[in-house]
Amino acid sequence: MASIYIPLDLQINTLLRLPVKSLLRFRCVSKLWSSIITSQYFQNRHFNIITSSSAAPRLLIAFQDFRSGNLLLVSSPNPNVSSSCCVPYKDLNILKIDGSKFYGSVRGLVCFRSRLSVGICNPSTRQLHIYPQIKFEKDPCTDPWVMYFFGYDPVEDQYKVLAIHHLRWRFEHKVLVVGGGWRDAPYPTCPHVVQTLGLYMNGTLYYGASRMDIKSPNNNSIIVSFDVRFETFNIINVPAGYEKMWNCSSEADKTLINYRGKIGVVEHPRDGSFRMWVVEDAEKENWSMTTFHLPQSAAGLDFEVMETVYNGEICLLPKELPDPFCLFYYNLKTNSMRSVAIKGLPISQTKPFRSIFAIVSDHYESFMSLETSS
């Protein structure tokens, strides 16, 4: 029987529309398909097609088990429905890794702490790499207390990790390009102490911090931005009257979110209400502030705010993790709430919930490789 000729561009266009699970299998069909699927050009085109669709991003739930030192990554569908619903276990993708803290998901890759260093993994392809421990100039033998921030440079097509030492007396910065090694980062003009987890948005990393001025006790709160491409720092001052926005006794007091392309700061709901500040103009440092009230049915619960925002809803997680695991979505326009139960998670079968901390973020499954070089 005569073979059927299929033009190369048609083969590529067909492969671009397949899910990651199918691509993992089809790269074994031939050397040609393997070279196509594993090329960086194809991976970027495939990711752009996924993110340009109208489908909601998936949810990545990172369960940090402080007792065992394990990190459980659960990729779940994001039910875009108006009422409460349940996600069955069969729709979940689960990956367990040797890690202690989750630092963000960017374009399908995940950054996490692994013992005294940092790791990058792709939960979809199960590819994982642990990088060497950072050596700081001051007391290099001391175990580093480091905060990591994960971002992407869309111009040079590079993933980068920013590492900042958390101790006031050892203020050092390092940058890692995925596929390369650690190097020194430029010193910011405003010394500061990190107070929040990071938020990546459009080529820039953001995090909450406090000014570090040894001569003055007035270490006011600020938002620090880090340009991932040029590796430069900038400062956004918080609105007047909220100079102590970051509660030094609890880094989890507020969360940075991407609110319609703007930086949002949301305090965690307590006693049935919470406030949200939005940077309306970063250059002019213009802010807006709105107070929201939870429905009466949820007024007595304490929640943590997750960074994921979709269709005007913010994701809330009860401070005391429920069993079965359940997320709540608060609609900023209608002041209504709905719940999403996720059944079958293995966490409640092995460890008490009080030893586990969870973080929820948006996530797109991708075929991105960890071998990108600088």
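The structure is a predicted model, in which local features need pLDDT of at least 70 and side-chain atom pairs count only at pLDDT 80 or more, while totals for chains, interfaces and linings use all residues. Residues are numbered from 1 along each chain as its sequence is written, and side-chain values use heavy atoms, with hydrogens and water left out.

I begin with the helices. Helices (H or I, at least four residues) and strands (E, at least two) are DSSP runs, numbered from the N terminus. Helix H1, residues 8–16, packs against helix H4, residues 40–52, at an angle of about 50°, and their axes lie 9 Å apart. Axes are lines fitted to C-alpha atoms, for helices over the stretch in contact, and angles run from 0 to 180 degrees between N-to-C directions. H1 is therefore oblique to H4; angles under 35 degrees count as roughly parallel, over 145 as roughly antiparallel, 65 to 115 as roughly perpendicular and the rest as oblique. On the H1 side, the contact (heavy atoms within 4.5 Å) involves Ile12, Asn13, Leu15 and Leu16. H4 contributes Phe42, Arg45, His46 and Ile49.

I turn now to strand S2, residues 70–76. Six of its seven residues are buried, that is, under 20% relative accessible area with a 1.4 Å probe, protein chains only. Strands S1 (residues 58–65) and S2 pair antiparallel over seven bridges, where pairing requires that DSSP finds at least two bridges. Isoleucine 61 stands opposite valine 74 in S2. In the hairpin of S1 and S2, four residues separate the strands, and glycine 69 takes a positive phi near 75°.

S2 is also joined to strand S4, residues 93–97, by five bridges, and these two strands run antiparallel. Leucine 71 has isoleucine 97 of S4 as its bridge partner.

Note on methods
Buried < 20%, exposed > 50% of the residue type's maximum accessible area, 1.4 Å probe, protein only.
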